[in-house]
Amino acid sequence: MRIWLDGELRDPESARVSVFDHGLTVGDGIFETVKAVGGRPFALTRHLDRLTRSARGLGLPDPDHDEIREACTAVLAANPMPLGRLRITYTGGHGPLGSDRGEHGPTLVVAVGETTRRPDTTAVITVPWTRNERGALTGLKTTSYAENVVALARAHEHGASEALFGNTVGRLCEGTGSNVFVVLDGEIHTPPVASGCLPGITRALTVEWTGAKETDLPLDVLDRADEVFLTSTLRDVQAVHRVDDVELAGAPGPVTAKAMRIFDERAGQDLDP
């Protein structure tokens with residue numbers, strides 16, 4: 001395994017980040033997870049654009065896209081695999097033991113791990129915790145991820161692979177690492193970014209390619225939806241066969257199955273849509 005850290009490829013033994021890195025001490029960092037197919041990243045331009053938006057939201061310097069592209073190419077060439085999870089992490093760098101930032105500049109890490117294609121269907125649960133649609137980090141993909149760790153652990157305890165959040169006003173928001181779509185009377189709907197959800201890359205492509213509508217939805221829409229599916233970098237479009245204790249018979253339903261097919265076809269035609 002070879003990892004890119006601050007300008008060069010390194011072995012795991014020498015790829016060491018300072019114990020005073022602000023990403024470690026206070027979660028002052030951002031990241032992107034990029035699907036790599038046969039050594040080539042998918043939708044990298046969109047991921048880098050979102051990384052920059054997240055950096056600006058945190059007040060970090062704009063990441064150098066050319067350097068990150070170089071890092072991704074080098075890491076993927078050094079670690080060949082059929083399907084990979086490419087992780088780009090960008091933190092506030094070496095800093096004091098507090099919320100104030102230091103003056104050493106950011107840390108950039110790019111690594112990849114092998115993965116496998118997800119199942120066609122999965123189970124989800126809803127959790128009692130909420131997303132704050134008005135928070136300082138809303139819409140940013142930050143390394144402050146402990147809330148998602150807790151919720152995902154709850155999902156696993158209930159035999160599910162994802163946990164879904166409502167927001168502070170009881171509207172459907174998102175999963176720990178996915179966006180959620182519902183099918184109502186044959187039409188596809190997903191919560192708008194104003195709900196507090198992350199503007200997912202796969203979400204955006206799915207909206208563009210299927211004509212899904214961004215709709216303000218109550219959390220209990222999950223109780224009456226004809227079909228439910230998730231989108232994310234590594235899930236692509238994945239049908240849901242159970243929400244909490246309610247089975248959705250026949251998943252993937254016809255609308256979801258068509259969305260899955262469209263996504264696979266369009267993604268296969270263009271690796272950087």
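Guide: A salt bridge is a side-chain nitrogen of Lys or Arg within 4 Å of a carboxyl oxygen of Asp or Glu. Side chains of opposite charge can pair when their charged atoms come close. The model shown here is predicted.

Visitor: How many salt bridges does this rule give?

Guide: The count comes to 17 salt bridges. One of them joins the side chains of D28 and R101, at 2.7 Å from N to O.

Visitor: Where in the chain do D28 and R101 lie?

Guide: D28 is in the loop between α1 (22-25) and β3 (29-37), while R101 is in the loop between β5 (83-91) and β6 (107-114). The pair thus links distant parts of the chain, 73 residues apart.

Visitor: Is D28 buried or exposed?

Guide: Buried means under 20% relative accessible area. D28 is buried because its relative accessible area is 8%, whereas R101, with 35%, is partly exposed.

Visitor: Which salt bridge does D236 form with K35, and where are the two residues?

Guide: Their side chains meet at 2.9 Å, N to O. D236 belongs to strand β14 (residues 236-243) and K35 to strand β3, 201 residues apart. D236 is buried, at 5% relative accessibility, and K35 is buried too, with a relative accessible area of 10%.

Visitor: Which parts does the salt bridge between R46 and E208 tie together?

Guide: The side chains of R46 and E208 meet at 3.2 Å, N to O. R46 lies in helix α2 (residues 44-58) and E208 in helix α5 (residues 201-210), so the pair ties together parts 162 residues apart in sequence. R46 is partly exposed, at 22% relative accessibility; E208 is partly exposed as well, with a relative accessible area of 48%.

Key:
Residues are numbered from 1 along each chain as its sequence is written. This is a predicted model: local features need pLDDT of at least 70, side-chain atom pairs count only at pLDDT 80 or more; totals for chains, interfaces and linings use all residues. Side-chain values use heavy atoms; hydrogens and water are left out. Helices (H or I, at least four residues) and strands (E, at least two) are DSSP runs, numbered from the N terminus. Buried means under 20% relative accessible area, exposed over 50%, partly exposed in between (1.4 Å probe, protein chains only).
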